[in-house]
Amino acid sequence: RSRSMTCPESLIWPFKWYCKNIDDCAKLKHGCGALGLCLDLIGSYDCNCENGFYQRHILDGEIVCGPKGIDELICQGNTCGAYGVCIDLVGNTTGYESVKDTLSSRRMEDAGTFRCECRDGFFDNGTSCERQDCGAKTDALGEWQGSTKFGGEYTLRCPKGSFVWGGALQEITISCPANGRWLETNLWCVNPSAEEAENRMATMQIWLDVISVLICVLSAALAAGLTLGLATLEPFGLQVILASRPEDCLTSEERQRLRLEQQCASRILPLVKDHHLLLVTLLLFNTVANEALPVFLDQLVPSWVALVLSVSVVLICGEILPSAVFTGPNQFTIASGLVPLVSLLELIFYFVARPIANVLDQMFKDECHGEDGTKYTRAELRALLALHAPVLTPGSPPEVEGIPMPPHNYSCEFLQSEATDTEVEFKEPSAAVISTSELRMMDNVFSLRDRVLSELRCYTVLKYCRIVSGQEQCLDIAGRCALSCADRCVLVLHEGSTASARQVEEDSDTDLSPMSPKLQLRISSVQGCLQLQELLKGGQKTLRGLCNGSLL
């Protein structure tokens with residue numbers, strides 16, 4: 001056969017034409033008979049007969065080895081095809097490879113009476129010799145075409161821009177070997193530009209996985225930190241900060257810090273009021289971050305390494321460090337700065353978090369310490385005051401119920417020379433939030449309900465006080481008090497001040513003896529209060545000399 005072609009304008013032949021031999025043996029019906037092998041020639045064929053059967057005859061126009069009629073006597077007429085000879089095994093029942101389960105019923109009756117001896121590249125299929133088949137190949141870019149059987153041509157054609165791996169060929173042809181297994185296992189099409197793009201995509205995927213891991217760790221850290229730094233803030237504490245007045249602060253630094261805390265509290269309070277919604281949202285965010293971390297780590301490292309890293313990294317970077325930072329001295333500032341992020345998370349997880357929060361609201365309602373809605377009990381308030389007491393130093397006055405008690409300065413002082421030697425100076429610590437006297441007064445307020453003034457040593461009923469003028473001498477008044485066993489202290493009046501009485505007994509002294517229960521005295525008229533011991537130390541001095549100022 002022939003074929004003509006015309007040279008194209010590109011001067012490149014579009015196809016590679018070549019002559020290919022036609023297998024004339026494949027078209028034979030008898031295949032040289034049971035005693036011969038067919039030899040394919042160019043345009044014809046020949047038979048290679050078994051030893052001793054060189055005689056040939058023509059059957060149906062084909063060459064058959066052996067005398068005429070021998071085909072019917074050997075192998076029950078089976079020839080095993082053009083590529084094998086039949087071996088008669090009459091009486092042999094050992095079972096050769098020609099015995100197959102798929103034989104016909106007639107063949108099963110004569111099973112084990114013949115087998116096919118095939119040439120290289122062929123195998124006995126039970127009735128004839130068949131070509132070995134190496135199996136089809138596939139390629140991601142190119143296409144395999146041709147025959148996969150022995151002696152056939154199997155060609156790999158790569159698309160434009162692609163080449164056979166290991167060279168610059170765009171197509172390659174191979175043939176199935178006689179053993180029925182491909183010798184070439186590293187043949188496939190590659191595209192340099194596509195490989196470069198794949199490498200870029202692989203690198204990008206690695207970076208995406210690394211970024212995803214960092215995002216998961218950061219998210220877990222934020223969730224853990226916010227759970228302790230934001231969800232643990234109580235609305236009552238924030239309301240206390242908002243209710244504080246800057247003018248009550250002692251220094252400008254305190255006022256500035258209070259204003260900053262109030263700004264932070266005003267932003268945080270709306271979030272922490274819905275405590276359960278905030279808590280569920282942060283826990284959901286933490287769960288998503290912790291569960292997604294191993295997924296991305298598996299893309300970068302082996303599974304066991306991903307497990308170890310996910311546990312260690314989350315524990316250190318996602319739990320311990322964030323918890324320490326978010327509950328540190330800048331807790332308010334950090335929490336208020338992340339309020340927009342938390343609001344966004346509540347919006348994202350709303351449809352999951354809201355139902356759970358509603359259930360928690362019904363199960364665990366907010367409860368205060370007191371039945372009337374108060375935050376602290378009476379005992380807790382007194383303990384809270386005691387915790388704000390200044391730190392005691394050596395030489396400090398004794399404590400009363402946990403609060404240092406300063407010296408009592410309401411009584412008349414001694415003479416200046418004696419007071420200098422006996423007076424104990426009490427200085428408040430400069431860092432004290434509330435002075436000791438203020439704490440003492442507030443603590444005494446809580447005690448008023450359970451105390452009676454007459455039972456306290458620090459108070460004296462007015463009827464047991466002797467009221468005198470400041471011009472009297474100390475020894476004279478001390479003698480009178482000694483004669484009257486009822487006098488416990490002496491009230492010294494200002495010059496020109498007097499005490500009045502609604503009813504005065506006829507036998508009353510000229511100094512208006514205070515034994516009368518109807519005695520009335522203004523505190524502004526009193527210059528000082530003296531104990532009996534102080535009168536004895538005064539000697540001949542006047543009472544006014546012992547008192548430096550009034551009680552107010």
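Let me start with the largest nonpolar core, which has 31 residues; L226, L230, L238, I268, V272 and L278 touch the most other members. A nonpolar core here is a set of buried Ala, Val, Leu, Ile, Met, Phe, Trp, Tyr and Cys residues joined through side-chain atoms within 4.5 Å. Buried means under 20% relative accessible area, exposed over 50%, and partly exposed in between, with a 1.4 Å probe and protein chains only.

Before going on, the ground rules. This is a predicted model, in which local features need pLDDT of at least 70 and side-chain atom pairs count only at pLDDT 80 or more, while totals for chains, interfaces and linings use all residues. Residues are numbered from 1 along each chain as its sequence is written, and side-chain values use heavy atoms, with hydrogens and water left out.

Two or more residues each come from α2 (192-229), α3 (235-243), α4 (252-273), α5, α7 (331-337), α8 (339-348) and α9 (350-363). Helices (H or I, at least four residues) and strands (E, at least two) are DSSP runs, numbered from the N terminus. α4 gives the largest share of this core, seven residues. Take V272 as an example: leaving aside neighbours within four places in sequence, V272 is in contact with L230, L233, P235, L238 and L278. Contact means heavy atoms within 4.5 Å. There is also a second, separate core of 22 residues, and Y45, A82, Y83 and F122 are among them.

Next, a helix pair. Helix α5 (residues 275-297) and helix α6 (residues 303-326) pack at about 145°, and their axes are 9 Å apart. Axes are lines fitted to C-alpha atoms, for helices over the stretch in contact, and angles run from 0 to 180 degrees between N-to-C directions. On the α5 side the contact is made by N286, N290, L293, P294 and L297, and on the α6 side by A306, L309, S310, V314 and E319. By class, the residues of this contact are six nonpolar, three polar and one charged. For that count, Ala, Val, Leu, Ile, Met, Phe, Trp, Tyr, Cys and Pro are nonpolar, Asp, Glu, Lys and Arg are charged, and the others, Gly among them, are polar.

Helix α6 also holds S323. Is S323 buried or exposed? S323 is buried, at a relative accessible area of 14%. Not counting residues up to four places away in sequence, S323 touches A224, G225 and L228.

Now a sheet. Three strands form an open sheet in the order β16-β17-β20, with mixed pairing. Two strands pair if DSSP finds at least two bridges between them. β16 (465-469) and β20 (526-531) are at the edges with a single partner strand each, so one side of each has no neighbour in the sheet. The twist averages 25° from one strand to the next. Helix α13 (residues 474-483) packs on the sheet, touching β16 and β17, and its direction makes about 155° with that of β16.

β17 (residues 489-493) pairs with β20 in the antiparallel sense, over five bridges. L493 has V526 of β20 as its bridge partner, and C489 stands opposite Q531. Five of the six residues of β20 are buried.

Finally, the totals. The protein has 15 helices and 20 strands. Of its 552 residues, 33% count as buried.
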